[in-house]
Structure formats: C-alpha cells, structure tokens
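Biologist: Could you walk me through this model with me? I would like to ask about its rings, its core, its domains and a few single residues.

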Amino acid sequence: MKTVLSGIRSTGHLHLGNYFGALRNFTQLQHQAKCYFFIADLHSLTTHPKPDDFHSNVRIILSEYLASGLDPEKSTLFVQSSVPEVSELFVLLNMLTYKGELERTASFKDKVRQNPQNVNAGLLTYPVLMAADILVHRADWVPVGKDQEQHLEITRLLARRFNKIYNTPVFPEPEAYNFGGNLVKIPGLDGTGKMGKSEGNGIYLVDDEKTITKKVMRAVTDSGPQTPGSPMSQEIVNLFTILSVVSDPQTTAYFKDQYNNCTIRYGDLKKQLAADICKHTLPIKERIEEIYHDDTYLKYVIEKGTAEARASAQATMQLVREAVGFKAF
Ligand code: TRP
C-alpha cells in the first residue's frame with residue numbers, strides 16, 4: 001500500500017478551494033492508501049504568530065479537517081511539533097543542503113521580496129523542514145499544488161543525496177500526487193486567480209449563510225453578454241466553475257442557456273450559487289463547531305495520531321541514525 005502525506009500550515013480557516021480541491025479527494029484517498037495528514041505548525045513560526053492564537057489556530061484546522069470527513073480511524077492526523085523526530089531529521093538534512101540551492105527557490109525569493117525585514121533562516125530552510133516532514137514517513141505520494149512542486153523537487157534531491165552519501169536506500173523518492181480528473185481548482189470571487197486565504201476572495205467553511213450570500217452577491221461580474229454566443233469573461237467563467245462544482249448539472253445548464261441567449265440576470269445566478277454553496281458548507285460548519293468544543297474527541301484524535309506518527313517516524317530515524325553512524329556506547 002502506498003503512503004500519502006499532506007501538510008497544511010496553521011494559519012487561517014479552510015476555504016472552498018481547500019475543500020473541493022483537496023479535502024474531498026482525501027476522504028476517498030484514505031480508503032486506498034496509508035494517509036498522514038498533519039498541521040505544519042513549525043512552518044507557520046516563520047511569520048512569528050502570537051503564542052495566544054497559536055493553539056487555537058491548530059485546533060481550528062484540526063476541527064475543520066475532521067468535519068470535512070478525514071477519518072482518524074483510517075488516517076493518521078497529527079501536529080508537526082508533536083513529532084520531534086521531524087526536527088531531528090531536519091537538522092541532519094540541513095547538512096546535506098547547500099545554501100545556493102535554497103536561495104534559488106522561488107518561494108524564498110518571493111518572501112524576500114514581500115518581507116525584506118524578516119528574512120530569517122527558517123524561511124531559507126523551509127523546504128528542508130518540508131523534506132523532513134515527507135521523508136520521516138518515507139511517503140510515496142505528496143498531493144501538492146503548483147506552488148509547492150519545487151519544494152518536492154528539493155525533497156527528492158535530498159532523498160537521493162542521503163541514499164547516495166550513506167550508500168543505503170533509506171528513502172524512496174516521493175512523487176507529486178495529483179487527483180487527475182478529480183482535480184478541481186476553485187477560482188476566487190474577485191475575478192482573478194484561484195481562491196486563497198490571503199487574497200480575501202474566498203468563502204470559508206465556517207462562514208454563515210448571511211456572509212456567504214453577501215460575498216457571492218459582491219463577486220465581480222461584467223456588464224452581461226451582448227450578443228448570443230459571445231465569449232464569456234473570466235469573472236463569469238469563474239462563477240460557472242464554482243456553480244458546476246456545487247450545483248446539479250441541470251442548474252448549471254439552465255444558467256448557461258440563459259447566458260447564451262443573453263437573458264441571464266447575474267443576480268439570479270448568484271442567488272442560486274450562494275444557496276448551493278450553503279447546502280455543502282453549512283452542515284460542515286455545524287460539525288466544525290461541535291468538534292471544536294469537544295475536548296475529549298480532539299484529545300483522542302491527537303493522541304492516537306501522534307502515537308502512530310511517532311512510531312512511523314521512529315522506525316525511519318532508526319535507519320537514518322544507523323546510516324549516519326550514530327552508535328550507542
Ligand atoms: N509548505 C506547505 C504549504 O505551504 C505545507 C507543508 C509543510 C507540506 N510540510 C509539508 C505539504 C509536507 C506537503 C508535505 O502548503
């Protein structure tokens with residue numbers, strides 16, 4: 001059986017893009033592979049979040065994961081900082097990584113440009129920590145978006161380099177896992193790129209009906225189709241993309257027809273879209289709130305997941321320590 005590993009930083013709430021792009025596929029994948037889902041709280045320290053918010057952010061994501069259908073009986077759910085083996089492997093991998101390789105990473109260069117006053121070493125070595133996350137479980141598949149592919153490339157490089165230097169095949173080279181035909185990219189509501197946390201163009205799983213409706217009604221549109229068959233602007237394509245994910249095919253076809261014969265009223269389309277988004281997310285929102293307040297359940301999930309993750313990580317670290325030449329006296 002293949003091993004899958006996916007990590008998410010503990011900043012902000014999950015949005016529709018996370019749900020339809022990844023989580024819904026994870027709920028199926030967990031029946032077909034050994035899945036590790038973890039919250040990358042160490043990675044989020046690069047931006048120095050306030051200690052007071054730190055735990056609740058982790059708790060929010062965990063509740064959102066569980067409410068979306070990740071099953072602790074099937075998958076291993078854990079928090080990165082509770083598995084110290086990750087940090088140990090991180091140190092060892094740092095010795096095999098060259099400064100130039102990290103400085104060339106696109107994500108690092110972006111961060112330097114965006115935040116020149118906070119170019120800390122944790123940002124530079126961010127991909128090494130990510131490699132440790134993946135390699136400590138000897139994962140085969142890592143579902144990643146475009147922005148993380150270069151990090152996975154570094155992970156593969158480090159796996160090969162470790163195996164070569166220590167002349168033993170400890171690590172498999174992980175592959176980027178994509179959901180093939182099931183992959184949906186949810187666009188944002190501002191008419192531009194994909195839905196994201198930072199852009200403020202997203203709908204969150206915890207949004208209530210009023211908020212969702214307000215956000216959808218404010219989504220960017222154009223002045224309407226002028227002649228039958230005229231091409232659709234990107235903003236309208238985006239609304240139809242979301243509609244096709246949350247509504248039934250007849251509904252989408254109905255509005256497409258209206259668009260094509262120029263009778264469409266975007267207000268009606270948006271009302272439908274908001275209602276259908278709510279059908280998916282409001283039950284999840286309710287579950288998130290229940291789970292978030294269920295100390296006993298969260299403790300159970302995390303204790304189970306941490307024990308499983310540490311057992312897997314410790315088995316790898318035993319091989320790693322032997323390979324490196326650490327020996328007991
Ligand atoms: N860097 C990833 C992101 O920002 C999160 C992450 C950390 C991750 N470690 C990982 C993803 C290991 C996959 C595997 O989205």
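Biologist: How many aromatic pairs does a search of the whole structure find?

Modeller: First, a word on the source: this is a predicted model, where local features need pLDDT of at least 70, side-chain atom pairs count only at pLDDT 80 or more, and totals for chains, interfaces and linings use all residues. Residues are numbered from 1 along each chain as its sequence is written, and side-chain values use heavy atoms, with hydrogens and water left out. Rings of Phe, Tyr and Trp (its six-membered ring) pair if their centres lie within 6.5 Å; planes under 30 degrees apart count as stacked, over 60 as edge-to-face and the rest as tilted. Over the whole structure, the number of aromatic pairs is ten.

Biologist: Are the rings of F37 and Y65 stacked or edge-to-face?

Modeller: The pair links distant parts of the chain, with F37 in strand β2 (residues 34-40) and Y65 in helix α3 (residues 51-67), 28 residues apart. Helices (H or I, at least four residues) and strands (E, at least two) are DSSP runs, numbered from the N terminus. The ring centres of F37 and Y65 are 6.4 Å apart and the planes stand at 85 degrees, so the pair is edge-to-face.

Biologist: And Y177 with F179: what is the angle between the planes, and are both residues buried or exposed?

Modeller: Y177 and F179 are also an aromatic pair, edge-to-face, with 5.3 Å centre to centre and 85 degrees between the planes. Buried means under 20% relative accessible area, exposed over 50%, and partly exposed in between (1.4 Å probe, protein chains only). On that scale, both Y177 and F179 are buried.

Biologist: Which residues do ring pairs link into a cluster?

Modeller: F37 and Y65 are both buried. Ring pairs place them in a cluster with others, and its members are F26, F37, Y65, W141, Y177 and F179.

Biologist: How many residues does the contact take from each domain?

Modeller: The C-alpha centres of domain 1 and domain 2 lie 34 Å apart. Contact means heavy atoms within 4.5 Å. By that rule, domain 1 gives eight residues and domain 2 gives nine residues.

Biologist: What span does helix α14 reach from its first C-alpha to its last?

Modeller: Helix α14 (residues 295-324) has 30 residues.

Biologist: Which residue just after α14 takes a positive phi?

Modeller: Inside α14, several residues are buried, including L298, V301 and G305. Just after the helix, a positive phi of about 110 degrees belongs to G325.

Biologist: What is the phi of N167, and where is its place?

Modeller: Most residues other than glycine have a negative phi, and most peptide bonds are trans. N167 is exposed, with a relative accessible area of 69%, and its phi is positive, near 55 degrees. Its place is the loop between α9 (149-165) and β5 (175-177).

Biologist: How far apart in space are S75 and C35?

Modeller: S75 is found in the loop between α3 and β3 (76-79), and at 1% relative accessibility it counts as buried. Leaving aside neighbours within four places in sequence, its contacts are Q30, K34, C35, F37 and E308. S75 and C35 are 40 residues apart in sequence, while their C-alpha to C-alpha distance is 5.1 Å.

Key
The expected span of a helix is 1.5 Å times one less than its number of residues. Domain bounds come from an automatic or database domain assignment.
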